[in-house]
Amino acid sequence: VLTDPEQTAELDRYLAGAKAAKARPLLTFNQTRGDDSRALPTPEVLGRQFRALRKRYPWVKEYATWNEANYRHQRTATRIRLVVAYYRAMQRACPTCTILASEVLDGKNMAAWVKEFERLARPTQGRHGRPIWGLHNYIDANRFRTSGTRALLKATRGTIWITESGGIVKRTNPNKTPLPEGQWHAKRATAWLFNRLMPLSTRIRRVYVYQWNAPPNASWDSALIDSGGASRPALSVVLQA
């Protein structure tokens, strides 16, 4: 993002708005928009980009190591040691920052992936204890189940932030996992997130609802507000939570 003036300007606007609102943004690493190479950065390259972000936005203190690292379409899914190296590089670069180990999807490989990460990363954790995990539990929320979230709770004794979740209104992306859709379904799924998933454990400390505004013609829409600015039913659940 910081090597593309258009994307840098977009991030500047977003973070300026967050700072003005006195919000604490969580920034996540992933491949940059428009990069079709699927090449993963080395830990050294990611460390440099992280330091550049810290220099430009020194007030941002919360980061996730990699987005949906266990997802089968992410090359990180089979390269856990590399994600551990990212984690270590970011911890070294900012010992006072909160660095999430990674963000994981509530899929079949999640528990094993998390256990292996913790086994490999343990020598670097020290007094900080076990990693904080970001969980994207769309399957739990939209199928009205709790098994995926419970699996992560069982796999780790660490803290969990639900860093992406919400009810799906419409999607046209390539993901073939069957999930219900629609505005009223999204309201029920959002209620399930707050009323059934969040209370599962005191170790679940935060939830980030995805997303607030629906971008026009997006391939994924789980927004609380449509592209025309109108509120959707799920917004009332968040306002009451």
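I took contact to mean heavy atoms within 4.5 Å. Helices (H or I, at least four residues) and strands (E, at least two) are DSSP runs, numbered from the N terminus. The model is predicted, so I kept to its limits: local features need pLDDT of at least 70, side-chain atom pairs count only at pLDDT 80 or more, and totals for chains, interfaces and linings use all residues. Residues are numbered from 1 along each chain as its sequence is written, and side-chain values use heavy atoms, with hydrogens and water left out.

Entry: α3 and α4.
I looked up which residues of α3 meet α4. On the α3 side they are Ile80, Arg81, Val83, Val84, Tyr87 and Arg88, and on the α4 side Trp113, Glu116, Phe117, Arg119, Leu120 and Ala121. This contact has eight nonpolar, no polar and four charged residues (Ala, Val, Leu, Ile, Met, Phe, Trp, Tyr, Cys and Pro count as nonpolar, Asp, Glu, Lys and Arg as charged, and the others, Gly among them, as polar). The packing angle of α3 with α4 (residues 110-121) is about 55 degrees, and the axes are 10 Å apart. Axes are lines fitted to C-alpha atoms, for helices over the stretch in contact, and angles run from 0 to 180 degrees between N-to-C directions.

Entry: α2 and α3.
Helix α2 (residues 43-56) packs on helix α3 (residues 80-93) at about 35 degrees, with the axes 9 Å apart. Pro43, Leu46, Phe50 and Arg51 of α2 meet α3 residues Leu82, Ala85, Tyr86, Ala89, Met90 and Ala93. By class I have nine nonpolar, no polar and one charged here.

Entry: the disulfide.
How many disulfides does the structure hold? I found one, a disulfide being a pair of cysteine sulfur atoms within 2.5 Å. Cys94 and Cys97 form it, with their sulfur atoms 2.1 Å apart. The torsion about their S-S bond is about 75 degrees, so the disulfide is right-handed. Both Cys94 and Cys97 are buried (under 20% relative accessible area; exposed is over 50%, partly exposed in between, with a 1.4 Å probe and protein chains only).

Entry: backbone.
I noted that most residues other than glycine have a negative phi, and most peptide bonds are trans. Glu68 has a positive phi, near 50 degrees, and lies in the loop between β2 (62-64) and α3. Its relative accessibility is 13%, so Glu68 counts as buried. Asn217 has a positive phi of about 60 degrees and is exposed, at 82% relative accessible area. Asn217 sits in the loop between β8 and β9. Gln211 is also in the loop between β8 and β9 (220-221), and the peptide bond from Tyr210 to Gln211 is cis, with omega near 5 degrees.
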